[in-house]
Amino acid sequence: MRFADRAEAARLLAGRLGHYRGRNPLVLGVPRGGVPMARIIAERLGGEVDVVLVRKLRAPGQPELAIGAVDEHGTVLRGGYYDVADDEYIREEVRTRQEILRRHRELYARAHPPIDPAGRIVIVVDDGVATGSSMLAALASVRARRPARLVVAVGVAPPETVGRLEEAADEVVCLDTPAEFMAVGQFFGEFPEVSDDEVIEALSAAGPRAAR
């Protein structure tokens with residue numbers, strides 16, 4: 001399957017998540033590509049939108065390779081290549097990535113304060129996932145705050161990654177699970193980088209109901 005853009009994937013996901021319409025789900029986008037999609041899904045389901053902040057931990061000398069991920073609270077999820085780095089490197093990498101997360105939280109809070117997922121139906125959205133490290137860290141971060149139900153909604157992911165997500169979430173909705181997977185962008189006709197300004201705009205336009 002090939003999507004025209006993120007908006008098309010979001011509309012298709014909203015259709016697959018129709019059973020949550022009218023139940024005020026909290027739709028959390030993984031910045032940055034997942035946030036405009038989360039806004040569309042939240043609008044179609046009658047829910048609220050926010051972000052869940054995680055960053056991948058980069059392998060030494062190979063920044064494109066994820067060895068794990070960390071959330072804004074400092075919780076580390078170990079990936080399959082975690083042991084390639086020593087303790088000193090990991091401590092510094094975690095510190096660096098947490099500082100980025102802190103800055104992003106301050107930036108995105110301009111739209112609205114974080115929404116508590118406790119007791120809510122929570123849908124975590126991204127355009128696609130490869131290894132799943134960041135999404136798994138996002139799920140662990142949200143799960144720790146006791147949602148009533150935790151759902152993953154993504155455009156595309158390899159079958160083995162979907163299997164890992166199914167172990168961490170109550171439900172996984174993935175539009176395409178191709179056996180041959182190189183990068184998320186290959187499945188989108190248009191796949192521009194999403195800016196922080198676009199994230200803030202999406203959060204501001206679909207802010208929490210209590211603020212409306």
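**First stop: a sheet and its hairpins**

Select strand β3 (residues 54-59) together with strand β4 (residues 62-71), which pair in the antiparallel sense over 6 bridges; two strands are said to pair if DSSP finds at least two bridges between them. Before going further, note that this is a predicted model, in which local features need pLDDT of at least 70 and side-chain atom pairs count only at pLDDT 80 or more, while totals for chains, interfaces and linings use all residues. Residues are numbered from 1 along each chain as its sequence is written, and side-chain values use heavy atoms, with hydrogens and water left out. Helices (H or I, at least four residues) and strands (E, at least two) are DSSP runs, numbered from the N terminus.

Now pick out A59, whose bridge partner in β4 is Q62, and then R58, whose bridge partner in β4 is A66. The hairpin of β3 and β4 has 2 residues between the strands, and in this hairpin G61 takes a positive phi near 75°.

**Second stop: two helices side by side**

Next, select α4 (133-143) and helix α5 (residues 159-168). Their axes, which are lines fitted to C-alpha atoms, for helices over the stretch in contact, with angles running from 0 to 180 degrees between N-to-C directions, come within 10 Å and cross at roughly 5°. That makes α4 roughly parallel to α5, a term used for angles under 35 degrees, whereas those over 145 count as roughly antiparallel, 65 to 115 as roughly perpendicular and the rest as oblique. Show the side chains of M135, L136, L139 and R143 of α4 and of R164, L165 and A168 of α5, which make the contact; contact means heavy atoms within 4.5 Å.

Stay with α5 and select T161, V162 and L165, which are buried; buried means under 20% relative accessible area, exposed over 50% and partly exposed in between (1.4 Å probe, protein chains only). These residues cover an arc of only 100° around the axis, which puts them on the same side of α5; the arc is that of the directions from the helix axis to the C-beta atoms. The face of α5 turned away from its buried side carries the exposed residues E160 and E167. What covers the buried residues includes α4, β7 (149-156) and β8 (171-176).

Most residues other than glycine have a negative phi, and most peptide bonds are trans. Select R146, in the loop between α4 and β7, where phi is positive at about 60° although the residue is not a glycine; R146 is exposed, with a relative accessible area of 68%. Then go to N24, in the loop between α1 (6-16) and β1, whose phi is near 50°. Finish at the peptide bond from P31 to R32, which is cis, with omega near 0°; R32 lies in the loop between β1 (26-29) and α2 (34-45).
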